[in-house]
Amino acid sequence: MIFSGSTLSIFSTKLGLGLTQNFWREFAICIGQIVWQIVFLKFYLKDKTWNYLGNMMTVSLIGTLLLIPALFLDLNPVSSIIYFGIVVFIMFLEHIRRCKILKLNFLPTFSWIIFRTTVSITLILLNK
(Lines give C-alpha, C1' and ligand atoms only; values in the text may rest on other atoms or scores of the structure.)
Protein backbone atom coordinates (compact mmCIF):
# COMPACT_ATOMS: atom_id res chain seq x y z
CA MET A 1 0.00 0.00 0.00
CA ILE A 2 2.87 2.36 0.79
CA PHE A 3 4.56 1.61 -2.54
CA SER A 4 1.28 1.99 -4.47
CA GLY A 5 0.34 5.17 -2.61
CA SER A 6 3.73 6.73 -3.36
CA THR A 7 3.67 5.80 -7.03
CA LEU A 8 0.07 6.89 -7.55
CA SER A 9 0.72 10.16 -5.74
CA ILE A 10 3.50 11.05 -8.14
CA PHE A 11 1.68 9.76 -11.23
CA SER A 12 -1.59 11.60 -10.42
CA THR A 13 0.09 14.95 -11.15
CA LYS A 14 0.76 13.84 -14.74
CA LEU A 15 -2.94 13.33 -15.57
CA GLY A 16 -3.74 17.00 -16.08
CA LEU A 17 -6.71 16.84 -13.71
CA GLY A 18 -5.38 19.42 -11.27
CA LEU A 19 -4.41 16.78 -8.71
CA THR A 20 -1.47 17.61 -6.51
CA GLN A 21 1.02 15.09 -5.23
CA ASN A 22 -0.59 13.71 -2.07
CA PHE A 23 0.67 10.43 -0.62
CA TRP A 24 -1.95 10.31 2.15
CA ARG A 25 -4.83 10.67 -0.32
CA GLU A 26 -3.56 7.76 -2.41
CA PHE A 27 -2.68 5.68 0.66
CA ALA A 28 -6.21 6.24 2.02
CA ILE A 29 -7.68 5.15 -1.31
CA CYS A 30 -5.61 1.94 -1.18
CA ILE A 31 -6.78 1.20 2.36
CA GLY A 32 -10.32 2.14 1.39
CA GLN A 33 -10.25 -0.39 -1.45
CA ILE A 34 -9.30 -3.18 0.95
CA VAL A 35 -11.94 -2.18 3.52
CA TRP A 36 -14.59 -1.82 0.78
CA GLN A 37 -13.84 -5.26 -0.65
CA ILE A 38 -13.91 -6.90 2.80
CA VAL A 39 -17.21 -5.25 3.77
CA PHE A 40 -18.86 -5.67 0.35
CA LEU A 41 -17.77 -9.30 -0.05
CA LYS A 42 -17.78 -10.41 3.59
CA PHE A 43 -20.44 -13.08 3.20
CA TYR A 44 -19.66 -13.97 -0.40
CA LEU A 45 -15.98 -14.80 0.04
CA LYS A 46 -16.28 -16.70 3.35
CA ASP A 47 -13.14 -18.84 3.65
CA LYS A 48 -11.49 -17.28 0.58
CA THR A 49 -11.15 -13.77 2.03
CA TRP A 50 -7.39 -13.90 2.66
CA ASN A 51 -6.69 -15.63 -0.66
CA TYR A 52 -8.75 -13.01 -2.47
CA LEU A 53 -7.10 -10.09 -0.65
CA GLY A 54 -3.65 -11.50 -1.46
CA ASN A 55 -4.58 -11.75 -5.12
CA MET A 56 -6.11 -8.26 -5.12
CA MET A 57 -2.94 -6.82 -3.57
CA THR A 58 -0.86 -8.61 -6.20
CA VAL A 59 -2.99 -7.02 -8.93
CA SER A 60 -2.39 -3.63 -7.29
CA LEU A 61 1.35 -4.30 -7.17
CA ILE A 62 1.33 -5.22 -10.88
CA GLY A 63 -0.43 -1.93 -11.65
CA THR A 64 2.05 0.01 -9.54
CA LEU A 65 5.02 -1.62 -11.26
CA LEU A 66 3.51 -0.86 -14.68
CA LEU A 67 3.12 2.83 -13.75
CA ILE A 68 6.77 3.29 -12.74
CA PRO A 69 8.16 3.68 -16.29
CA ALA A 70 5.70 6.55 -16.91
CA LEU A 71 7.17 8.42 -13.94
CA PHE A 72 10.42 8.80 -15.90
CA LEU A 73 8.79 9.83 -19.17
CA ASP A 74 7.78 13.35 -20.09
CA LEU A 75 4.22 12.46 -21.10
CA ASN A 76 1.56 15.03 -21.81
CA PRO A 77 -1.73 14.67 -19.90
CA VAL A 78 -3.53 12.86 -22.74
CA SER A 79 -0.71 10.33 -23.11
CA SER A 80 -0.66 9.86 -19.33
CA ILE A 81 -4.40 9.16 -19.26
CA ILE A 82 -4.06 6.67 -22.13
CA TYR A 83 -1.12 4.97 -20.40
CA PHE A 84 -3.09 4.85 -17.14
CA GLY A 85 -6.09 3.41 -18.99
CA ILE A 86 -3.93 0.64 -20.45
CA VAL A 87 -2.55 -0.18 -16.98
CA VAL A 88 -6.07 -0.27 -15.51
CA PHE A 89 -7.23 -2.54 -18.35
CA ILE A 90 -4.35 -4.94 -17.68
CA MET A 91 -5.22 -4.90 -13.98
CA PHE A 92 -8.88 -5.54 -14.81
CA LEU A 93 -8.01 -8.58 -16.94
CA GLU A 94 -5.64 -9.91 -14.28
CA HIS A 95 -8.27 -9.42 -11.56
CA ILE A 96 -10.80 -11.42 -13.61
CA ARG A 97 -8.22 -14.15 -14.25
CA ARG A 98 -7.37 -14.46 -10.57
CA CYS A 99 -11.05 -14.52 -9.57
CA LYS A 100 -11.57 -17.41 -11.98
CA ILE A 101 -8.65 -19.28 -10.39
CA LEU A 102 -10.28 -18.74 -6.97
CA LYS A 103 -13.58 -19.96 -8.48
CA LEU A 104 -15.27 -16.63 -7.85
CA ASN A 105 -17.69 -15.04 -10.30
CA PHE A 106 -17.62 -11.43 -11.54
CA LEU A 107 -18.91 -9.96 -8.23
CA PRO A 108 -15.46 -9.12 -6.72
CA THR A 109 -14.39 -7.46 -9.99
CA PHE A 110 -17.68 -5.56 -10.18
CA SER A 111 -17.20 -4.37 -6.57
CA TRP A 112 -13.60 -3.37 -7.35
CA ILE A 113 -14.73 -1.35 -10.39
CA ILE A 114 -17.52 0.39 -8.44
CA PHE A 115 -15.07 1.54 -5.76
CA ARG A 116 -12.39 2.73 -8.20
CA THR A 117 -14.88 4.51 -10.47
CA THR A 118 -16.58 6.25 -7.54
CA VAL A 119 -13.24 7.42 -6.13
CA SER A 120 -12.00 8.62 -9.53
CA ILE A 121 -15.18 10.58 -10.30
CA THR A 122 -15.17 12.09 -6.80
CA LEU A 123 -11.53 13.20 -7.13
CA ILE A 124 -12.18 14.75 -10.54
CA LEU A 125 -15.29 16.59 -9.35
CA LEU A 126 -13.60 17.87 -6.19
CA ASN A 127 -10.73 19.33 -8.25
CA LYS A 128 -12.90 21.34 -10.66
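Trainee: What makes the crossing of helix 2 past helix 3 a right-handed one?

Mentor: Helix 2 passes helix 3 the right-handed way. Keep in mind that this is a predicted model, where local features need pLDDT of at least 70, side-chain atom pairs count only at pLDDT 80 or more, and totals for chains, interfaces and linings use all residues. Residues are numbered from 1 along each chain as its sequence is written, and side-chain values use heavy atoms, leaving out hydrogens and water.

Trainee: And what counts as a helix?

Mentor: A DSSP run of H or I with at least four residues, numbered from the N terminus. Helix 2 covers 23–45 and helix 3 covers 49–71.

Trainee: How do you know at what angle the axes of helix 2 and helix 3 cross?

Mentor: Axes are lines fitted to C-alpha atoms over the stretch in contact, with angles from 0 to 180 degrees between N-to-C directions. These two come within 10 Å and cross at roughly 145 degrees.

Trainee: Which residues meet there?

Mentor: Contact means heavy atoms within 4.5 Å. From helix 2, Gln 33, Ile 34 and Leu 41 are among those that meet residues of helix 3, including Tyr 52 and Met 56.

Trainee: Why is Phe 43 called exposed?

Mentor: Exposed means over 50% relative accessible area, buried under 20%, partly exposed in between (1.4 Å probe, protein chains only). Phe 43 sits in helix 2, and its 67% relative accessibility is over the cut-off, so it counts as exposed. Elsewhere in helix 2, Cys 30 and Leu 45 are among the buried residues.

Trainee: What makes a group of residues a nonpolar core?

Mentor: They must be buried Ala, Val, Leu, Ile, Met, Phe, Trp, Tyr or Cys, joined through side-chain atoms within 4.5 Å. The largest here has 19 residues, and Tyr 52, Met 56 and Leu 104 have the most contacts inside it. Helix 3 gives the largest share, 6 residues.

Trainee: How do you know where helix 2 is kinked?

Mentor: The bend at a residue is the angle between axes fitted to the seven residues ending there and the seven starting there. In helix 2 there's a kink of about 40 degrees, centred on Val 39. Just after the helix, Lys 46 takes a positive phi of about 50 degrees.

Conventions: Left-handed = near helix turned anticlockwise from the far one by under 90°.
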